[in-house]
Amino acid sequence: EIVDKGGYPHFMLKEIYDIPSALISSFTSLMEKYLSLSAMIVYGAKNVYVIGNGTSLHAGLISSYYFAEVGINVNVVSAAEFPYYALENIGTGSVIIAISQSGETADVIRSVKMAKQRGAVIVGITNSVGSRLALESNVYLPITAGPELAVPATKTFTSTLVVLRTLSLYTGLNSGKKSKSDIEKLKEDLNNLSKALSSNLPQIEKQAEDAVAKINSESMYVTSSGINFPVAMEGALKFKEASLTHAEGIQLGELLHGPIALTNKGYPIVVIKPAEEQAYDLYNKVVKSISDRGSPIILISNDGMLKSVETTRELSPIANVVPLQLMAYKLGVKKSLPIDTPPGLVKAVVS
Ligand code: AGP
C-alpha cells in the first residue's frame with residue numbers, strides 16, 4: 001500500500017488526524033471468535049503477563065486497569081526486562097499478551113519465544129498481520145489502525161487501547177463481571193469519541209500550538225494519576241521523540257516525594273486531570289503546591305487550557321493523549337526538527 005501525507009506537512013500530524021476513523025476500524029475489524037478465544041485463554045490462565053516496549057508498553061500499562069475491573073490481575077513488564085523477570089513463574093497455564101505495532105520488535109519476539117519454550121500461550125496484538133509476532137502467536141488480534149509511518153507512534157497507541165478494552169470486556173463475560181450490553185456500550189462510546197475528536201481536532205491543534213509557545217525549557221514533567229498515569233509516560237515519550245525535549249512522566253502523588261524540587265517558574269508541568277474522582281483531592285493539592293512554586297502549568301482536561309474531549313474513564317487515555325501528541329508535534333515544529341524521523345531512531349528495533 002502506498003501512503004502519502006494526504007496534504008499534511010508530516011506523517012505524524014496526518015496519523016493523529018487518522019485517529020477518529022482508526023478507532024472505529026479497529027473495533028469493527030475484531031472478530032468475535034478470536035476475541036472469545038483470547039478472552040477464554042486469559043480468563044483460564046494461571047498467571048498473565050502483558051509485554052511490549054515504548055508506546056506498546058504504555059498501552060499495556062493502561063490494560064492493567066481494564067483487566068483489574070473484570071477481576072484479572074495482570075503483570076505488565078517491558079519486553080526488554082521480561083527475560084530477567086519472574087521467568088521461573090512462566091510455564092503451562094501462563095498467558096503472555098504481547099503487544100507490538102510492528103510485530104517485529106526484537107525484545108518482544110525474544111520474550112515470546114522464551115515464554116513459549118516454557119509452555120506459555122501467546123495472545124499477540126499487532127498492527128502487522130504478516131509479522132513475526134503474528135506468526136509466533138497462538139492467537140492474535142489485529143490493531144487495524146492502517147499503516148503508521150512516523151517514528152513517533154500515535155494512532156496505533158489509541159487503536160491498541162481499543163483492542164485491549166474490547167478484550168477485557170470479553171474476558172469480563174467469562175468472569176461474570178460484564179455482559180453483552182457493556183460491549184454495545186463500548187461501541188456507542190467509541191462512536192461518540194470518534195465524532196467528538198473529528199470535530200475538535202483543529203481546535204486542539206491550535207491550543208497545542210499556543211501551549212508550546214510558552215515552553216522554553218529543555219526539560220519538563222508530564223503528570224497524572226489513575227488510568228491516565230501511563231498516558232503521562234506516553235506523552236513524555238512523544239516529547240522526547242518528536243521534539244527532542246526531555247520530559248518525565250510521573251505520578252501526581254510521587255511529585256511530592258522529591259521531584260517537585262526541580263519545579264520553579266521556568267519548569268513547565270503538563271497536568272492531565274485524573275479521570276477518577278477519588279484522585280481529585282490529590283490533584284488539587286499537587287496543583288496548588290506546584291503553582292505556589294511558580295511552575296507554569298499546562299492543564300489537559302475537559303475545560304483546561306488544552307481541551308480533551310469528553311468520554312468515559314476507560315476511554316479517557318485516548319482523549320487525553322491526543323493533545324499531548326499534538327503538543328509534542330508542535331514543539332518539534334517550533335524547533336524545526338525532522339519529526340517523522342528523529343535522528344538515530346527507527347520505527348522498529350528489530351535486533
Ligand atoms: C513510539 O513512539 C516509539 N517509536 C517506540 O517506543 C515504539 O513504541 C517501540 O519501539 C515499540 O514498537 P512496536 O510497538 O512496533 O513493538
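These are brief notes on a predicted model, taken point by point.

1. **Ligand shell.** The ligand has 16 residues around it, and the nearest among these are Gly54, Thr55, Ser100, Ser102 and Thr105. By type, the shell holds seven nonpolar residues, eight polar residues and one charged residue.

2. **Helices at the ligand.** Two helices, H4 (54–69) and H9 (229–243), each place at least two residues in the shell around the ligand. H4 gives the most, with three residues.

3. **Helix H9.** H9 is 15 residues in length. From first C-alpha to last it reaches 21 Å, close to the 21 Å expected at 1.5 Å a residue. Buried residues make up 14 of its 15, so H9 is largely enclosed by the rest of the structure.

4. Five strands form an open sheet with parallel pairing, in the order S2-S1-S3-S4-S5. The edges are S2 (74–78) and S5 (139–142), and each of these pairs on one side only. From one strand to the next, the twist averages 20 degrees.

5. **S1 and S2.** Strand S1 (residues 47–52) runs parallel to S2, and five bridges join them. Within this pair, Gly52 stands opposite Ser78 in S2.

6. **Helix H3 on the sheet.** H3 (residues 32–43) packs on the sheet. The strands it touches are S1, S3 (94–100), S4 (121–126) and S5. The direction of H3 makes about 125 degrees with that of S5.

7. **Thr144.** This residue is worth a look for its backbone. Most residues other than glycine have a negative phi. Thr144 is not a glycine, yet its phi is positive, at about 50 degrees. The residue lies in the loop between S5 and helix H7 (155–175).

8. **Ser336.** Here too the backbone deserves a check. Ser336 has a positive phi of about 50 degrees and is not a glycine. Its place is in the segment after helix H12 (316–334). Is Ser336 buried or exposed? Ser336 has 7 other C-beta atoms within 10 Å. The cut-off for exposure is 12 or fewer, so Ser336 is exposed.

Terms used. Residues are numbered from 1 along each chain as its sequence is written. This is a predicted model: local features need pLDDT of at least 70, side-chain atom pairs count only at pLDDT 80 or more; totals for chains, interfaces and linings use all residues. A residue is near a molecule or strand if its C-beta atom, placed from the backbone, lies within 6 Å of it. Helices (H or I, at least four residues) and strands (E, at least two) are DSSP runs, numbered from the N terminus. Ala, Val, Leu, Ile, Met, Phe, Trp, Tyr, Cys and Pro count as nonpolar, Asp, Glu, Lys and Arg as charged, and the others, Gly among them, as polar. The expected span of a helix is 1.5 Å times one less than its number of residues. A residue is buried if 20 or more other C-beta atoms lie within 10 Å of its own, exposed if 12 or fewer, and partly exposed in between; C-beta atoms are placed from the backbone. Two strands pair if DSSP finds at least two bridges between them. Axes are lines fitted to C-alpha atoms, for helices over the stretch in contact, and angles run from 0 to 180 degrees between N-to-C directions. Two residues are in contact if their C-beta atoms, placed from the backbone, lie within 7 Å.
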